[in-house]
Every structure is written in structure tokens, then in C-alpha cells.
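Subject: Structure handover

Hello,

Here is the structure for your files. My notes on it follow below.

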Amino acid sequence: MNSKLVSFIIPTLNSGSVLNSCLHSIISQNLPSSDYEIIIADGGSTDNTLKIAQKYKCKIIKNTLKTAEAGKAVGVKNSHAKYICLIDSDNILPQKNWLKKMLYPLEKNQQIIGSEPIKFTYRPKSGIIERYSALIGANDPYAFVTGVFDRQNYIDGRWTHLNIDQIDQHQYILITLKPHEPIPTIGANGTIFRSSFLKKNLHSDYLFDIDIISLVLKQTNQPLLFAKVKVGIIHTFCESSIKKFIKKQSRRLTDYYIYQNQRQYNWNTSLKSGPITFIFYTLLIFPPIVDSIIGFIRRPDLVWLLHPFFCWLTLVIYIWVTLKHRLGLLHPISRTSWRQ
């Protein structure tokens with residue numbers, strides 16, 4: 001029996017620089033503390049992460065596999081709530097009624113399996129990479145260019161370019177995810193699932209963003225209902241550090257190759273044209289420049305000038321990591337010295 005309404009699950013590994021803001025935004029929600037629990041799945045932090053977690057009376061569990069996906073999985077297995085909210089340590093809930101709005105569609109329609117913020121909250125005084133991610137609706141320009149992103153962008157106002165059935169329900173958009181069709185990159189940065197859905201279908205030590213949804217669609221051959229709620233979430237992603245951006249882009253693709261045999265969702269078969277699309281978009285120069293101009297007109301910010309550069313940088317990183325993979329030189333990333 002569920003003893004709490006919501007479990008906030010936060011994987012951490014030396015997240016002391018961002019965790020305090022994240023946890024403060026959670027305890028500031030219009031929700032009695034007796035209704036929720038905060039589970040910190042820690043991968044062996046050596047900074048002040050655990051001290052901060054103890055300050056906020058979080059439940060701390062060990063994540064021996066260290067990765068964020070492993071942290072989510074062990075957190076789910078230790079959760080005792082009706083709903084599970086997957087939060088990254090560099091997320092901040094932007095308003096005190098955020099959770100109430102996120103739970104609304106789940107309480108209203110029992111067929112909806114989960115809800116997710118429709119956008120990254122844009123903060124004009126934040127770091128350049130945080131602003132860039134909020135503007136394009138993705139943490140990775142590859143996801144934006146190939147159309148699988150899952151947050152509203154400021155170029156055309158859409159939250160995805162995939163062909164997905166959508167019904168506007170005023171406070172949220174009801175979407176239908178169908179078997180044998182591509183799925184946007186939902187599942188992180190403030191996504192809430194019914195605990196029963198995750199616990200029933202989690203059969204791994206890793207919880208990758210959309211794998212459980214993909215697995216259930218494949219097994220049942222029935223569509224799933226999901227809600228894109230008309231709220232944002234702050235993702236302080238890399239702030240203004242190009243070095244962090246490079247590091248996280250490299251980790252993203254490295255982890256994909258290292259753990260691809262454990263994945264349920266195959267990006268290669270679901271979006272075969274993705275790599276070619278991104279290569280031509282980036283190398284032709286003109287497409288990212290046009291998008292930058294349109295974006296600047298709709299939300300003036302000089303960070304739009306960096307869009308072609310971030311596309312180019314991502315392409316170089318992805319080619320390098322892919323070559324290492326093809327040559328058998330790619331190895332798991334050591335999390336020993338990892339810092340948020």
C-alpha cells in the first residue's frame with residue numbers, strides 16, 4: 001500500500017553545487033511534508049551532496065552502479081508512493097503550485113500513465129547553455145534538429161516535431177503514444193509516472209527515459225495516454241560552461257553505445273534518417289542560421305548566435321565518439337571524479 005502521495009527521486013553524484021536549490025524548490029511546494037518523500041539515490045558523492053540531503057531530511061540510498069539511470073531504477077524500487085516524480089539534481093521547480101498542476105491530469109484521467117512539463121523555463125539572466133536549451137526545447141541540438149525533442153521551442157512553438165495525436169485539455173495536452181511509432185525523449189527533468197506503471201514494468205537495474213513506455217507499447221500493442229502539462233521546469237543544464245557541455249554531450253553518446261544492449265528503445269531503427277539529417281543541417285550552415293534568426297525574432301537573446309556553433313560542436317563530439325565505438329576503443333566513462 002502506498003504510504004505517500006509522491007516520491008521525488010533524485011540521482012546524485014557530487015551534486016552539491018546544484019542540489020540545495022533543487023531540494024528547496026521541492027519543500028516549497030503547496031503540499032504537506034507528510035504527503036511526499038524525497039529519495040536521493042547517491043552514486044558515491046565525496047562533496048557536500050549527502051550533507052545537503054540530510055539537511056532536507058531526504059531518504060538516502062546507495063546507487064552502486066553510479067549512473068543516473070541506475071539511480072532512477074533503485075529509487076523506484078525503494079519508493080512507497082502513488083506517484084513517482086523523476087527529478088534531476090540540476091532541476092528547480094519554478095512555482096509553488098507546480099506539483100499540483102502536474103498531478104491534475106493524472107487525478108482527472110486514470111488512463112493517463114504520466115505527465116511532463118511542456119517546456120524548460122526560460123530565465124533571461126541564467127547561463128548561456130541553460131538559456132540555449134530552454135530556447136530550442138532540448139538539451140541536445142541533435143534532438144531538436146531530428147524532431148524528437150520533448151519541450152516547447154521558441155522557433156515554431158512546438159514541443160515535438162513527431163506526428164503525435166494531441167488534444168488540448170486547457171491545462172494540459174493529452175497525447176497518444178502508439179505502438180511501432182517514434183517516441184519523443186520524454187521521461188526526465190520533472191516527469192511524473194504512476195508508481196504502479198513503473199513498478200510493474202521495471203525489470204532492469206537501469207531506467208532509461210523512454211524504455212519502459214517503449215516496452216509496454218511493444219508488449220501490449222495498445223496506445224498509451226500521456227499528458228504534457230502547460231508548466232515549465234528549470235534545468236540549469238551546464239549553466240555557462242562550454243567544458244561541461246562537451247563533457248555531457250560525450251557522456252550522452254558514450255552511455256548510449258555502452259548500454260545499448262540493455263535498451264528497449266532502439267533509436268537507430270525508430271529514426272533511421274536522424275544522423276544524416278543532423279549532418280546535413282549542420283554542415284550546410286544555412287539551416288541553423290535561419291533557425292537562429294527566427295528564434296531571435298520571437299525571443300530576442302544573443303545566445304541564438306551560438307546555435308550553429310553548438311550544432312557543429314555536437315557533430316564533432318558525436319563523430320569522435322562514434323569512431324571510437326566502431327574501432328572498439330570506447331570504454332565506460334569513469335564516474336569517480338564526476339561533478340555536476
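Ile 213 is in contact (heavy atoms within 4.5 Å) with Ile 113, Leu 177, Ile 183, Ile 186, Phe 193, Phe 197, Leu 224 and Phe 226, leaving aside its neighbours within four places in sequence. This is a predicted model, in which local features need pLDDT of at least 70 and side-chain atom pairs count only at pLDDT 80 or more, while totals for chains, interfaces and linings use all residues. Residues are numbered from 1 along each chain as its sequence is written, and side-chain values use heavy atoms, without hydrogens and water.

Ile 213 also belongs to the largest nonpolar core, which has 94 residues; with Phe 8, Leu 23 and Trp 98, Ile 213 touches the most other members. Such a core is a set of buried (under 20% relative accessible area) Ala, Val, Leu, Ile, Met, Phe, Trp, Tyr and Cys residues joined through side-chain atoms within 4.5 Å. Helix H13 gives the most to this core, with seven residues.

H13 (residues 307-326) also meets H11 (residues 274-283): their axes come within 9 Å and cross at roughly 135°. Phe 278, Ile 279, Tyr 281, Thr 282 and Leu 283 in H11 meet His 307, Cys 311, Trp 312, Thr 314 and Leu 315 in H13. Seven residues of this contact are nonpolar, three are polar and none is charged.

Lys 200, in helix H7 (residues 195-201), is exposed (over 50%), at a relative accessible area of 64%.

Regards

Terms used
Axes fitted to C-alpha atoms, helices over the stretch in contact; angles between N-to-C directions. Helix = DSSP H or I, 4+ residues; strand = E, 2+ residues; numbered from the N terminus. Nonpolar A, V, L, I, M, F, W, Y, C, P; charged D, E, K, R; others polar. Buried < 20%, exposed > 50% of the residue type's maximum accessible area, 1.4 Å probe, protein only.
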